[in-house]
Structures are given as C-alpha cells and as structure tokens.
Amino acid sequence: MTMSAGWYLRRLSRMGPREIAGRAGDTVRRRRWRSARPDAPKVTGARFTAVLPAGTIAAVPPDAAKRLVAEADRLMYGHVEYFGVVRDDLTDPDWWCDPKTGRRAPWGYAFDVPYRNEDVVGDIKQIWEPSRHQYLTVLAAAYAVTGNERYAERVAEHLRSWWTANPPLKGVHWISGIELGIRLLSWVWVRRLLDDWPGAAGLFEENPVALNQIWYHQRWLASFPSRGSSANNHVVAEAAGQLAAACAFDWFPSSARWRADALRSLERHLRSNTFPSGINRELASEYHGLVLELGLAAVAEADAAGVQVPPSVRLVLLRMTDALAAVVDNRLRPPRQGDADDGHGLVVDGAGTDRWASLLATGDAVFGRLDWWPAVTGTDVRTPLLAALIRPYAKDGTAPAVSRPASRPDHFADAGLTVLRDPGGIWCRCDGGPHGFLSIAAHAHADALSVEVRHDGVDVLADPGTFCYHGQPEWRQYFRSTLGHNTLQLDGGDQSVSGGPFLWTRHARTRVLTADTSGEGVARWCAEHDGYQGTVHRRRVELTAASQQLKVVDEVRGPYRTVQLAFHLGPEIAADLVGNRAVLTWIRDGEGRSAVLDLPGQLSWRAHRGETAPPLGWYSAGFGRKEPSTTLIGTGTGTGTGTGTEPADGTRGFTTVLRFGG
C-alpha cells in the first residue's frame, strides 16, 4: 500500500499546530542524521545489577514451567507461527524476509524504506514480529528454569546475528518506535534471565556492539517520539522500553535524563490513554491488554532500580486491572472490540497460557483481588517474575488510598461500554462509546451500537475481529466497516468516514440513554448515534434472565433509502435460516446447545458465508487469520422510496429476539 497525496492531506488535517511543528522537526533531524549520525559514547566498567531476587525462579509453577520448556523446544527446532504463517526458519532467521510474500525489505537509510508498500517490502508485520525478540525472552526464561545452556547459546547466537544485520539506522527495523521500545524491553529481560549463564556479561555489558545498539535504540526513542494524534499505545511502548533500558542498562551519560523523560512520558500517556474508569481510550480490547502489560513491566524496572514512580501510574494500572476483571466473560475472555494485532508487552510463557488470566493473576499479586473478581485457575511464568520486582500496591508508601468497586461494574459511562449478563452464562457487550481515541481514531471500527453476545464463552453474535492492517485494503475495510459488525447500516455507507487504514476523518457521535444493569430480572440498555447525518439510529437491548431472552429493537428516525441489518455468528455456530427465523446450534464441552433468532420480518434475510467479492461472512480469531462464518443480512427500503409505508413520525423500527435453549 502506497499512501496517496490525498491521504497525506487528510492526515495533515487531523493534526494541530504543535504536532505539525514537532513532525517538521523530526524531518529535519532525520535528514541531518543521514549524513551526520550521532556518535555513541564509549562505555567501560558497566555492570548489570537488575537481577531477580533469590528464589524467584523456584516460585514458577511446575505446569507453567513445563509449557514454557515445550515452547522453547519448538523454537529451538525453528518452529513458530506469526499471524497465521507457520514458519520453520527460526534456527537461522533472515531478519529482513517476509515468508508470506517471499519479499525482502530493501537495504538503506531506515527513513527511506517504504514500509507501508507490501509490493516493495513485503508484509511488514511478518518482518517486524521476530525482531521484537519476544521469542528470545522465552528461550532465556527456559534457560532460567532449566539451567540448560543450549537455550542461552541460541539466544546469544541470534542477538549477535541481529546486531550484525541491523546496524543503527539501517533498514526496516529502525523505522517504528514501538518496535524499538518493545525490543529494548525484551533485551532487558533476556539479560536478567541469563544472569546465571557465564556468557551473559560478554553478550551485553562487555560487548561494544551490544552497547552501541542499546545506546542507539534509546537515542532514537528520545529523538522521535510518537506525537499528537499518534500518541496512542505506541507512545506507551516507547516510554516503557526507554524506561526499562535506562533503569537496567544505566551505563550511559544520558541514562538519568532518558530515565526521567521516559517516566514523565509514561505517566502522562498512561493517563491520557485511559478513561478514569480504567478502560483503554482506544476502545480496542487487545490494546488494553498491551498497555497494561507494558505499564506493569515498566513499573517492575523502576521498582527494581529504586526509581520513584509517580502514584498516578500505579493508580491507572490498578484501575485498568479492575476494569479488565469486570468486563471478561465467564471464560475470562474480554470483548473483541476494535483493532487487535496480537501484540504483547512481555512474553515469557509457553503456548496454552491464558493471557487474560495471567494479567489478572499479576493484578492479584500486585494490587490484590476484589471479592467480585472472577476466579483464575490457570498458572503462568510471568506473574511470579513481575511480582518479585514490583512493590505490592498496599505496601507502596506513595500509592494513594483509592476507592475500588464494591461490586462488579457492568457500565463504564466514560467509555460507553456496557455488559449485560445473567447467571446462565449469557454475556452481551453493548457499544455506546466514542469513536476511538484522538483525532484519527486509528484503531477504531465503525461499530456504533453494535452488540457482541456469548453463551458460556462461545461467540454467538460475534465481533468478526481485525485480520489485517496493511497490504489488503479490501479486507481492512471490511473488518472495520459498519456492515462488518452487529449493527445497522443505512444507504450502504459506514457510520464514520474513513480516510485511510488508520485514519477516520468524521466520527459518529454516540450517547447512552439508558444503562440499567441492576439485576432486577431484566437488564436494559439504550443508545443512539448521529453517524448518518440527518438520520438517527437508536437501539434498545433487553436481557431477561428468567427466559434467557435477548431483545434488540432498532429505530431509525429520519430519511434513508436502504437499510441493512447484520448479525455475525461465531465460527462454532451452525445456522438454519428459514424466512426470518434462524435456528442456531453448537457444541460446548461435548454437549449440544441451541438458540432461536427471530429476525425483523419487514426485511429480506439471506445467509452469507466465506464470500470474497466483496468480503462477507468471515471471522478472524487472531491477526493474519480468518475463517468462514455465517453472517445474516436483512435488507429493506426506507423513507424517500415512494412506498408510502413510513409511520407519521418518520420512525421505523426493527425487532430482533434471541432465545437460548438447551
């Protein structure tokens, strides 16, 4: 994908004067560095002291250690999967090759590489992901729990290979700040986990090449921060990585300044990226997890180094953890809202470890669980490692006293996120929040008033997911479109206007009118949005616990020509559609389950599955992966069509009822 002149003009229109000035300064600096690269200082006598406390590794649960070692052994054989692409080349990686397209990113000055152009570079996510070096933290953790030096030797071999192949400011791995930040965090943990290995000092603090790389990564991050309308999860990753390195690798004349600047940036942007309720402002659930992981890892480094952390940082992380505990379903799955690209802050666990259970376990260790939190039965490696470094909230003398929820919150007014649930396992997320974060709302979808419904953790009415970012514009458009969500589309257009794959130029405004989750038999929610200019879409949702029934009423007030109402079924759901009734069946834990979906009779209903021209009927369980699923689309006509069937007040209604059976 090559960005057009029109895209640049649209992108510029979403920036303020301060951001424009900052980006202009960045451009000047990049040009200057092309011919006059900054010189790294010479370092002597460096020592690594940010080690794990004695007994930490012994606290790793045996089953978590077993999963870790199994994953490390797969990596030792070169086997890994990134974004749906199974690879067996990780014994000797080509750091610039995209195995999906077979293309290699071009050599040259980093800021000249057209990384968005898949025809030239390949799939940039496939190239960048191994170079986050999070598979190396897994290998290093396997060394720490087993003492087997073959894991440490492989880590050293790959780091030396990467440092040789990617000198400062050369090539595709020196373009994006989030990549540098996460890579620094990985290097800190690699060094920590290899501390008992005799070659650790020679690999890091006694290695001039490593010292040069660590310095340049930090110098880059200090010079090119994400700015203004791009100050989302990227800037948090940059600050976390910079803080971690400046604490653990405090070997340079600028370390103290970098540490102070990174801590200020982390404090500012954690607050700005998070609603007071604790929900991430990007309204993208996976980025909530990423930012929480990054924040916890950053605090661990500061605490290990004895660096004072502003109380507001711990408070934001506490609220994010409570919010996560509140919104997950009974299988500990959070909403599938907004973009998701499988990004992680710190990886030291094997396959089969539940990410969200791990975060809640860490939250319990650091903040203490509340009585209403869901039970966490799984184990992980990361929790005991982080808990060994982070001061518990109750024991931190700077942490402010805070009032935490006495019961499980279901409505987050600032985020417009409401969860209706019943004791029988029905979980329904209703979306009445802002259209994303900042002026570009980069990771938002056009999903106002959408619902997401699960039964005992199974996606029944599903959010289809994300699938891709670059290189496949028709799929990117579909997965973030209004028709790609469980909501109503008018006149074939999205509620919000897209200006590019990470850019929205007009945002639908939504307001919640009712959110009654008091549990008195019927839970109710109602909201409306103005995305269809001159026409208002209002939706009411009612969940009746006694009858296990979910009722959705859509009202349209104002003119429109055509209407489409979409319901996307999860990949485990089989649907038999006859007229305006669909019988849904699925298997859960070996038992057959069923539901009946009665759809508005005034619309004409069709089932779509795995269609490509245009895309319709797909579900993406993770970035780069998609599978066919059933989408039910009801189509009709509206006002201004000459039918003469519109009510006198101009409002038309469509009622959908979902009844769960056995």
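This is a predicted model: local features need pLDDT of at least 70, side-chain atom pairs count only at pLDDT 80 or more; totals for chains, interfaces and linings use all residues.
**View 1. An open, antiparallel sheet of 8 strands.** The strands of this sheet follow the order β11-β12-β13-β14-β25-β18-β17-β16, and their pairing is antiparallel. The edges are formed by β11 (510-516) and β16 (574-578), each of which pairs on one side only. With direction ignored, neighbouring strands of the sheet are turned against each other by 15° on average.

**View 2. An open, antiparallel sheet of 4 strands.** Here the order is β8-β15-β24-β19, and the pairing is again antiparallel. Because β8 (488-490) and β19 (604-609) stand at the edges with a single partner strand each, one side of each is left without a neighbour in the sheet. From one strand to the next, the twist averages 25°. Strands of a sheet pair through backbone hydrogen bonds, either parallel or antiparallel.

View 3. Strand β4 (residues 417-421) is mostly covered, since 4 of its 5 residues are buried, where buried means under 20% relative accessible area. Strand β3 (residues 411-412) pairs with β4 in the antiparallel sense over 2 bridges, and His411 stands opposite Thr418 in β4. The hairpin of β3 and β4 has 4 residues between the strands, and in this hairpin Gly416 takes a positive phi near 65°. β4 also pairs with strand β5 (residues 426-431), in the antiparallel sense and over 5 bridges, with Arg421 standing opposite Trp427 in β5. The hairpin formed by β4 and β5 likewise has 4 residues between its strands, and Gly425 in the turn has a positive phi of about 100°.

**View 4. The packing of helix α3 against helix α6.** Helix α3 (residues 62-76) and helix α6 (residues 134-146) pack at an angle of about 125°, and their axes lie 9 Å apart. That angle makes α3 oblique to α6, and the crossing of the two helices is left-handed. On the α3 side, the contact is made by Leu68, Val69, Glu71, Ala72, Leu75 and Met76, while α6 contributes Tyr135, Val138, Leu139, Ala141, Ala142, Val145 and Thr146. Sorted by class, the residues of the contact between α3 and α6 comprise 11 nonpolar, 1 polar and 1 charged.

View 5. Val497 belongs to strand β9 (residues 497-500). Its relative accessible area is 32%, so Val497 is classed as partly exposed, a class that lies between the cut-offs of under 20% for buried and over 50% for exposed. When neighbours within four places in sequence are left aside, Val497 is in contact with Trp504, Thr505 and Arg506. The C-alpha atoms of Val497 and His507, which are 10 residues apart along the chain, are separated by 6.7 Å.

Notes. Residues are numbered from 1 along each chain as its sequence is written. Side-chain values use heavy atoms; hydrogens and water are left out. Axes are lines fitted to C-alpha atoms, for helices over the stretch in contact, and angles run from 0 to 180 degrees between N-to-C directions. Angles under 35 degrees count as roughly parallel, over 145 as roughly antiparallel, 65 to 115 as roughly perpendicular and the rest as oblique. A crossing is left-handed if the near helix is turned anticlockwise from the far one by less than a right angle, and right-handed if clockwise. Contact means heavy atoms within 4.5 Å. Ala, Val, Leu, Ile, Met, Phe, Trp, Tyr, Cys and Pro count as nonpolar, Asp, Glu, Lys and Arg as charged, and the others, Gly among them, as polar. Buried means under 20% relative accessible area, exposed over 50%, partly exposed in between (1.4 Å probe, protein chains only). Two strands pair if DSSP finds at least two bridges between them.
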